[in-house]
Amino acid sequence: MSKRHRDPSETPGSGNRKSRRAEGAAKAKAGNPAALIHGEVPSRDVLMQFITENPDRASKREIAKAFGLKGEQRVELKQALKDLEEDGLVQKSRKSLTRPGALPPVTVLDITTRDKDGELIGRPAEWPEEAGAAPAVLIRQSSSDRSKGKAPVGGLGDRVLAKIFANKDRSGPAYTARVIKILDRHVGAVMGVVRMMSDGGARLMPIDRRGEEMQIDSTDIGEAKDGDLVEVEVGRSARFGLARAKVLNVVGSVASEKAISMIAIHAHGIPHIFPQSVSSEAEAAKPASMSHREDWRDLPLITIDPHDAKDHDDAVYAELDTSPDNPDGVIVTVAIADVSYYIRPKSALDREALKRGNSVYFPDRVVPMLPERISNDLCSLREGVDRPALAVRMVFSHEGRKASHTFHRIMMKSVAKLSYQQAQAAIDGKPDDKTGPLLEPILKPLWHAYAVMKRGRDRRQPLELDMPERKIILKEDGTVDRVHVPERLDAHKLIEEMMIQANVAAAETLEKKRQPLIYRIHDAPTLAKQEVLREFLATLGMSLVKGGNMRSNSFNGILAKAEDTPHQVIVNEMVLRSQSQAIYSPDNIGHFGLNLMKYAHFTSPIRRYADLIVHRALVGSLGLGEGGITPDEEASLEDIAAEISTFERRAMAAERDTVNRLIAHHLAGRIGDEFEGQIRGVTKSGLFVALPQFGADGFIPVSTLGRDYYIYDEAHQALTGEKSGLGYQLGDVVEVKLVEAVPLAGALRFEMLSEGRKMPVATRSFHKAGRRNGRKQPGTRPPRSRR
């Protein structure tokens, strides 16, 4: 019998050990798992209890320490935790283990309301919609800590970084938290639109799908008028009736220009106005000098960007390698704007850049990480203008293998600013007056270098998801004109691959120098997510290999089989859902999706703070002059990585919410119209149906589907009628009618017009077996009329 399954009672002298285990188990059952006798590997139940109740101590090292495990016991513990992960009972969250759907030990919270006792309640700043309601967290602040200044004091509307604890007394919210740091004061997390009532009071209408309507007394309206977007203070929740709110700040009218993106900006607490100290510092900045720089102004670097880009932070050039040691090889140069020269640690510009984390892109505006004086002027690699840059020269063999690379701090001068479409047209035989002279000396060598690099990419086999990006085109009045899917060109792929290789080179150089840095990491899918995907693919007659050593190319075969079939879009969607979230971290685990072991963001320091940190690390470790990383920054990399990962998710959520609101506004006048859609989400409460032509989705409550009792089958992503066997599955193309549009919340509600289809026998027998075995199935509702 292996050590993993060894029964201690079979070993000599184990009687005392057995009794000690019984004693420890009794203590654990009484709510004190750490009270087990030291040196004994705890049972699965005890491990699960400890991880649930001690999210701040749920790393392998801390668990071993808590239970006094050493040597061989640590090996057994590692296997036990691996078993829990394989069974989907726990998942990795940075260095710690968490229960699926649980909050990580350190979380960014928005303090949104008070409970009936006046205690502050926070919720995670970002929470996946498909996970249901975000958990409430009670903010603990003792009077002694406040009086002694030991802990930051959070207030209503603040965004905070908090230490999370399970609420062991089981009363109130599932979690409590202690504030570590105030990220933003009064970020406007509690927002809504005022609707005046006939009695002189008002109602606050929610601006998100989960928001609740509130009552505003006439004495608490202030200067707000009907239709104004406002920030409010939420009073103590009443036992009956609507919660009460008091207007603190009037943001502006929702009928004003760019109001939709402003709602997202304020709702997500995105800083969008630069303080005067930051603007003054940016305006006072002077062009970079030649100190510690190489003069590369004669190298014909070019920028290739979207046609409407205002900032240009990367330029490229390629040539054949003339070295006899590298026959038919190429040299690729990537030059990146030298933002670290202008944004120095602890400056006003640096503090504001970290506060923002990244630029945020909306259909009608950009909220930049840096002021325009820096982003669009001094750091933008403008055509024909001297600009400082950090460049990497990479040598590739004919087979596409990177043989070497070197970093240089330079002064450059871009010879041309091209759009993707412009560069591609020239390569395709349609050069214009600008690209014609560049075709032979610059563009063709770039495309040849890309062909060489692509051999290496094809051998590496990164995850090749086909998820077309939809772009909303607005009219002059800010309303939606159309939804456009830009063509994916080789010009896009060329720039993407050259940037990826530059990022790899940055990580490799810093590792070689033993320089702390922030990596871009992407963990492999959890075994639980793999199993959900595997069971879903089985319903389409596809299979996914089993095993813990999944590689990105394991998914590419599935994607290739689905190509040009009715299931192509939904298979890509399900593979995407199975993936972990890419984050920033000072601890490297590699990048699963790109199939790379060393990867750090280096190529966009104008719009991402992570890249600025990598630039500083390169400048400091290579001795390239001023603006290097400081010891204080090195010591704070873990906190910085956690914050900018959260800010990235914040930006994505704000961008998504804005698109949803714009589309809801666009369709608000088409109530009653019928559309063809595709089921993109299945939950026990209903179906999410996407309208591909608009890039938006809406919800169909299960209560409107029919008279049958619908049962949710997570494995097959389906809702199936218990009696009829008819149902709806992820990926089904259906006809729907738009019955409601709520523009402020970005919500659409549909009515199903298509009849359900006969579900697979295996799916229906699964439901029946579950009911016969006494397992509670996640039913949806009692029978009721169809309409």
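Tutor: A helix is a DSSP run of H or I that covers at least four residues, and helices are numbered from the N terminus. With that in hand, we may turn to this predicted model. K444 and E440 both belong to helix α12, where 4 residues, about one turn of the helix, separate them.

Student: What makes the contact of K444 with E440 a salt bridge?

Tutor: The closest N and O atoms of K444 and E440 are 2.8 Å apart. The cut-off is 4 Å between a side-chain nitrogen of Lys or Arg and a carboxyl oxygen of Asp or Glu, so the pair qualifies.

Student: Why does K444 count as partly exposed?

Tutor: Its relative accessibility is 40%. Buried means under 20% and exposed means over 50%, with partly exposed in between; K444 therefore counts as partly exposed.

Student: How many salt bridges does the structure hold?

Tutor: There are 38 salt bridges in the structure. One of them joins the side chains of K434 and E383, at 2.7 Å from N to O.

Student: Which parts of the chain does the pair of K434 and E383 link?

Tutor: The pair links distant parts of the chain, 51 residues apart. K434 is in the loop between α11 (420–427) and α12 (439–460), while E383 is in the loop between α10 (372–378) and β19 (386–396). K434, with a relative accessible area of 30%, is partly exposed, and E383 is placed in that class by a relative accessibility of 38%.

Student: What makes the meeting of E740 and R749 a salt bridge?

Tutor: Their side chains meet at 2.9 Å, N to O, and a salt bridge requires such atoms to be within 4 Å. Partly exposed is the class of E740, at 35%, and of R749, at 32%.

Student: Which residues are linked in a network of salt bridges?

Tutor: The network links R457, R460, E464, R488, E496 and E497.

Student: Which residues gather in a patch of positive charge on the surface?

Tutor: K60, K78, K82 and K92 form that patch. K82 lies in helix α4, residues 72–86, and a relative accessibility of 45% makes K82 partly exposed.

Student: How many aromatic pairs does the structure hold?

Tutor: The structure holds 6 aromatic pairs. Among them is that of Y341 and Y342, with 5.1 Å from centre to centre and 85° between the planes. Y341 and Y342 are both buried.

Student: Why is the pair of F407 and F602 called edge-to-face?

Tutor: The ring centres of F407 and F602 are 5.5 Å apart and the planes make an angle of 90°.

Student: Why does the pair of F407 and F602 tie together parts that are apart in sequence?

Tutor: F407 is in strand β20 (residues 402–413), and F602 is in the loop between β25 (583–585) and α17 (609–621), so the pair joins parts 195 residues apart in sequence. F407, at 10% relative accessible area, is buried, as is F602, at 0%.

Student: What makes S585 buried?

Tutor: The relative accessible area of S585 is 6%, and buried means under 20%. S585 is placed in strand β25. Between the C-alpha atoms of S585 and A600 there are 9.6 Å, and along the chain these residues are 15 residues apart.

Student: Why does H292 count as exposed?

Tutor: The relative accessibility of H292 is 54%, and the cut-off for exposed is over 50%. H292 lies in the loop between α7 (276–284) and β13 (294–295), and its phi is near 60°, a positive value in a residue other than glycine.

Student: Is Q461 exposed or partly exposed?

Tutor: Q461 has 33% relative accessibility and therefore counts as partly exposed. Its place is the loop between α12 and β22 (471–474). Phi of Q461 is positive too, near 55°.

Student: How far apart are V739 and I671 in space?

Tutor: Their C-alpha atoms are 5.5 Å apart, although 68 residues separate V739 and I671 in sequence. V739 belongs to strand β32, residues 733–742. Its relative accessible area is 26%, so V739 is partly exposed.

Terms used
Residues are numbered from 1 along each chain as its sequence is written. This is a predicted model: local features need pLDDT of at least 70, side-chain atom pairs count only at pLDDT 80 or more; totals for chains, interfaces and linings use all residues. Side-chain values use heavy atoms; hydrogens and water are left out. Patches are made of residues with over 30% relative accessible area and no salt bridge: like charges are joined within 9 Å, nonpolar side chains (Val, Leu, Ile, Met, Phe, Trp, Tyr) within 5 Å. Accessible areas come from the Shrake-Rupley method with a 1.4 Å probe; for residues, only the protein chains shown count as cover. Lys and Arg count as positive and Asp and Glu as negative; His and the chain ends are not counted. The place of a charge is taken as NZ of Lys, CZ of Arg, CG of Asp or CD of Glu. Helices (H or I, at least four residues) and strands (E, at least two) are DSSP runs, numbered from the N terminus. Buried means under 20% relative accessible area, exposed over 50%, partly exposed in between (1.4 Å probe, protein chains only). Rings of Phe, Tyr and Trp (its six-membered ring) pair if their centres lie within 6.5 Å; planes under 30 degrees apart count as stacked, over 60 as edge-to-face and the rest as tilted.
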